[in-house]
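Colleague: I would like to learn how to read the contacts in a model of this kind. Could we go through them one by one?

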Amino acid sequence: MMRPRLVPLLSFALSVGLLWLILPALEPVDGLTPLPDSRWQALLNLNHNAYHAWREDNIARLAGRALATLAAPPVLLLQCVIGMIGTLLVLRQTSAALGRLPALLWPASAASLLSIFAAVGSDRFVVGALAWAPLLSMMIFALLNATRDGQAARVLPLWIVALFVSVQCATSAAQASLPVAVGAIIFARLALEKRAGLRPLSAWQALLVAAIPLLPAVWATAATPLAPLPDYPPLAHVVPDTGESLPILSITGPHYRLLTIDRGSASAAYGPSCLVLLACAGLLALTVRRAGRSHEKPLITAATVGAVLISLDSFLPRDWALQAPIASLSRILPWGGSVSFTSLAVGAVAWLTTVAACSSWRLLPLAAAPLAAFVLGSPALRNPELGEILRDAAPELRHVLLSPSAAVAKRMLSIDPLFLSRIGTYRALSKHRMHDVARLNGSFTLEPSTHEPPSPQSSRGRLRTYEGGQRGGELLTVSLPSEMAVSGIEISPGPFVGDFPRGLEVSAGACGDGARHPVVSIPQWQGALLFTQKGLPYWSEFEDVRILFPAPEQAQCIFVRQTGTTAYDWSVERVKVLKGTP
Amino acid sequence: MPVAASAALLILVLGLTGGSWHPWAPHIPAIIPAGRFPIAVGLAMLTISAAWSLVRHGRMPTAAELSHPVVWSSGLVALFLSDWLLRPWGFFPDPFIRGQLVVAAAIFAWMLSTRWHFILPAWLVVSLCALIWTFFAASGGELLVSDDHAMFLFRLKLLKENFPLIPFWSPLWNAGFDARDFFATGALNAFLIASPIVYLFEIERSYNAIVSLLLWGVVPGASYLACRMSGGSRAASAAAGALSISVSLIWYRWALKYGTIGFITSAGLFPLAVALWNRFLESASPRWRDCIFTAIVSTLMFLWSPSTLALAPMGLFGVLCLPRIIRSPRHIITLALIVALNLPWVAIMWKVSNVGSFLNAEGSGAPSAQQAGGAPEASQRPEPLADAARGWTQDFRHKTGSLNIRRAMRELHTQASAMNPLLLVFGIPALLMLSPRRRAVYGLLVGWLVALGTLGVSIKPQLELDRMGLMAGTALATPVALFLAGLFSAAGASRWLRGAAIVSGAFLLASPLAASSVVANQSSERYRFQNEEMRTVTRILAERTGAGRGFFTGCVLHEMSGGHLAPMALWANAPLVASSYAHNIWQYQQPVPKSFLDRGNAGVLEYLDLMNASVVLAHEPTWISFCNSLKDDFEMIHRDETFAVYSRPRFKPNFALEGSLSGLSMATNSVTFTPESERVVLKFRHFPFLASSQCALRPIQVAPEVALIELSGCSVGEPVTITSVSPLERLLSPRGGSR
């Protein structure tokens, strides 16, 4: 028979072994580029395009070197072990059931950590931010208890250890340190502390305890640099947008520096995780309510509230999601424009839900979490489009794929699957001047449309869709004087900046009822594809309607069908074409 | 019915200030097409509720009935649900601000269940730190030079060297100018407050810190103290402080974009001055501490002279208290102290600044560098300068007007949209909840300021009285904070009150966040920091002017980093000439006078010689073409984003037009040189208050618009210093006035 002391040790070894087995199999969802003259690296999340400065915390890096021979991702493994220790302490505090089954405590802790991978993938930013958080919560909890009992002055070592943990947490979390510290305080206060019989805490005592996690967090927030943005011009954008908010922005000015987080991709990536977490949290809430277990309620309430918040962030339409709490908080907090607080929240809720589930359902999550991590967290299902390409990419493409322009590349790949191999051609074409169709003795028509003569707003006059707005199906026909090779087309709305086409399908061929063949289809217009000095693609303003063809087309007529819907007209003041082949 | 009276007033306020109302977003069709409809409804409801009260109780509705907090806070809900929050010039610049308000409501609901008394002051401290941090982060280590900030920085540098001997003559700009706008612009109040920093540190290195100190130290500090003096708790005072830093988007326009630091300091001190004057007038024998404090704060405020207009209603209450005042030695001594502190600078300002002509001017009567240089007929102008014809007649602002209700209403709507909704919605109930005496004081003050800020704008636009609307906002911070604190304290009494408190608290918590968006340059009010072009041009001026001047052609206002040119003369250590180095012209104006322009290229070149211009800067296409066309006279040495810089290879710089001199050196307030002839005509403009240390000094008219300094009877080889006479002499002497 096994000695009782060996059981936890064996359990710990098995849990670490499980992590050791699973973690190397998970493809990272991010890529790193060293920043010159700095210990920081620019981290780009391939799922949602977050782009920010990042570095491993010192302890993890040092220990990681020692572990490097033992495990493939040593720093990640070490962070998971730290997270496991904190989670174990939390589980001992919150779960009476697991308290009676110490052999399950370590596996349950490992499962909680693995659930983070299941929810957000192998995300160094999220794991780094959450690794020390459970331990920090327990430290705050211990300090609160000591202070309430009037023992604050007598537990000096505890203060020192708590400060050390807090500094480590802040260093590891970097830009996320402030929300993590606040989250740790809230968790300690609401989920760990038992309400009944608490001695009151004076305001100054509360402030003193709060200072332990908050001061290092504020320091880390201030000390973390911004990842330098490439040389995009002021009106560039790299994440897809609808362009509908342009009229407001043109009046009030740009609200944020260049946004890098692709919210659409984030919603798509985290949608399934959010759904699963919401379902789990709901089931947990029901189970606990039926069983009447009051001691687990705070944990499950926190998990449920968290699941609702991340669901609001992921499932609501864009304009509403931006007013949901997580997006609002990310706008309030520093770095909110470049760091994905959504992924952090999804990871935290996954951890919370699994901790709560382990307390209530014991064995089920222990089996489910590693499986989910392996399946959901693997690139096979998560399918970050750029991950595979990045692995074999040439240096000039890695340069693009590890920059905020990755979102542009991702979108362009859906339009032209050979975009990355043709990127040089696109870059060359984007610099070419186009030729006015009128000067080439060509013409253009827009159906349905009405002609507006020259006016103070439009000195050339314009064609505009007369039915008011764009409903899909409007057709611009550009007739060239003779058949020629065309590599692009520019359709200028003139000064009417809101009157650009929302979606486009371009075809080319003979005029009249002759054969036409599709050239390019752009479901949501983003602006002209341009390149920075260093060759990074970006989109210019939406009204800059310049379409580059994937390949030159021999055509006498070009047909541009508008496929989107909006209340704004489609105005065409001038049409140009890019003649010849590059 | 008590609720109806409050609702009627609320509808009236929203109708008066809101215009048309759209639900949720501006693109959704309006549910209230014009402000007159809610005004009519409000008036009708007010009449009915008053009649009902008269019939039922035999009295008019009481102040408590008219200021029901739940009803008034529903005004905030109305703003939340309407397009108000998305209006282009609104205080909340984020189109998704509703999300932050919801988060703030959740946080405030938690705060109400715990120690909100303790958390609110902490929130103020955190907000101030965050604002200062945001400001420095937005600056990226660059110097704030937006609009008048550059000028204010210049004034600080001049004051550091010359205070208290102001006004004085300075040779740094436009061949000499009368440095006297310290009085009119209120620069002295900020200078005095920031003087420890000014004297201890280099101004360029500390200027951003000085601005932060004033905006997020002095202003909230004054409101905090004002609220404490008005009987507010620490939490209420913290709310007042938070409101004072988030009065309006227009506040930050004047503070950060326009850089009117004198006004901002004065407006920030205004609530404290009101509280002090209240205490001073109410008390039969005020404490000495209060007396001295009143005198100092009032003086600092009055240093931006229009603030005396703002505080005028207090004079009315002073008259009512006159019997008590004349019996109290402390009152009399304090008033005498205020007069003694203010009379000298007021007298000098009146004498040297042409205040009377400014008040009666068609536009701004502020003097400019090139006083008589009007716009010549296009046909008289040399090619290619004739192309500038369109610019000559361009007005910038400040056309005189008459009482115009429509314009006043438009001004009211603009100011109300930009104002913090808490001040707008709770302004009236907060005033009603004050004690009757305070209600009268604050009511009269706020009413007076609103009238000045709306009606006054159309009558005297040159006074820029729209700023009085902001002063009304700062004055309201104290009563509104007291009202909010009362509401938060009463939140436990009912679910409705708790809801009202949460809604109000959410707006209160979100206000500094909205301010931080503005400070982070993420609003429609963008402000500017020094850019590379300004540094480069300054460096070139320092290197290339030699013994001459730098000459800015065309009309320059904000072309350099969005600020005025003023400090460049100090940074380049070179005298400069421009149509205006500060914002003291209100029409397009050339630096070259008409009589020279009329003579074509030769006239322009002659004027450049007369101004001893060794380096010429051009930013207008006309002037760039002009310089490019005369290749022998101008050699382009640098081309930047806005400015092209030319040297004059054929010109040998010399500050003596006639006679000769050597070793000329300039300080901020004097010129020193050694004459090498008995008579010297200097290329410096003559002012009647100039004095020479050894020669006879008189004007010599070299052109209809240009009078230079002629020195005669000089001892050859003996250094001469030209400086202005002392301020006292200027005050007493008939020649002391400005030209």
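**Domains, chains and helices**

Modeller: Let us begin with two domains of chain B, bearing in mind that this is a predicted model: the C-alpha centres of domain 3 of chain B and domain 4 of chain B lie 24 Å apart.

Colleague: How many residues of domain 3 of chain B are in contact with domain 4 of chain B, and which helix gives the most to that side of domain 3?

Modeller: Eight residues of domain 3 of chain B touch eight residues of domain 4 of chain B. On the domain 3 side, helix 29 (residues 594-597) of chain B gives the most, with three residues, and by class that side has five nonpolar, two polar and one charged residues.

Colleague: How should I read the contact between the chains?

Modeller: In general, the size of an interface is often given as the accessible area lost when the parts come together. Here we can count residues instead: 18 residues of chain B are in contact with 17 residues of chain A. Helix 5 (residues 97-113) of chain B gives the most to the chain B side, with five residues, and that side divides into nine nonpolar, five polar and four charged residues.

Colleague: Why are helix 7 of chain A and helix 9 of chain A called oblique to each other?

Modeller: Angles from 65 to 115 degrees count as roughly perpendicular and those under 35 as roughly parallel. Helix 7 (residues 133-148) and helix 9 (residues 177-192) of chain A pack at about 55°, with their axes 8 Å apart, and are therefore oblique. The crossing is right-handed, and its contact residues, including Phe141(A) of helix 7 and Phe187(A) of helix 9, divide into eleven nonpolar, two polar and no charged.

Methods. Residues are numbered from 1 along each chain as its sequence is written. Chains are lettered from A and ligands numbered from 1 in the order in which they are written. This is a predicted model: local features need pLDDT of at least 70, side-chain atom pairs count only at pLDDT 80 or more; totals for chains, interfaces and linings use all residues. Axes are lines fitted to C-alpha atoms, for helices over the stretch in contact, and angles run from 0 to 180 degrees between N-to-C directions. Helices (H or I, at least four residues) and strands (E, at least two) are DSSP runs, numbered from the N terminus. Angles under 35 degrees count as roughly parallel, over 145 as roughly antiparallel, 65 to 115 as roughly perpendicular and the rest as oblique. A crossing is left-handed if the near helix is turned anticlockwise from the far one by less than a right angle, and right-handed if clockwise. Two residues are in contact if their C-beta atoms, placed from the backbone, lie within 7 Å. Ala, Val, Leu, Ile, Met, Phe, Trp, Tyr, Cys and Pro count as nonpolar, Asp, Glu, Lys and Arg as charged, and the others, Gly among them, as polar. Domain bounds come from an automatic or database domain assignment.
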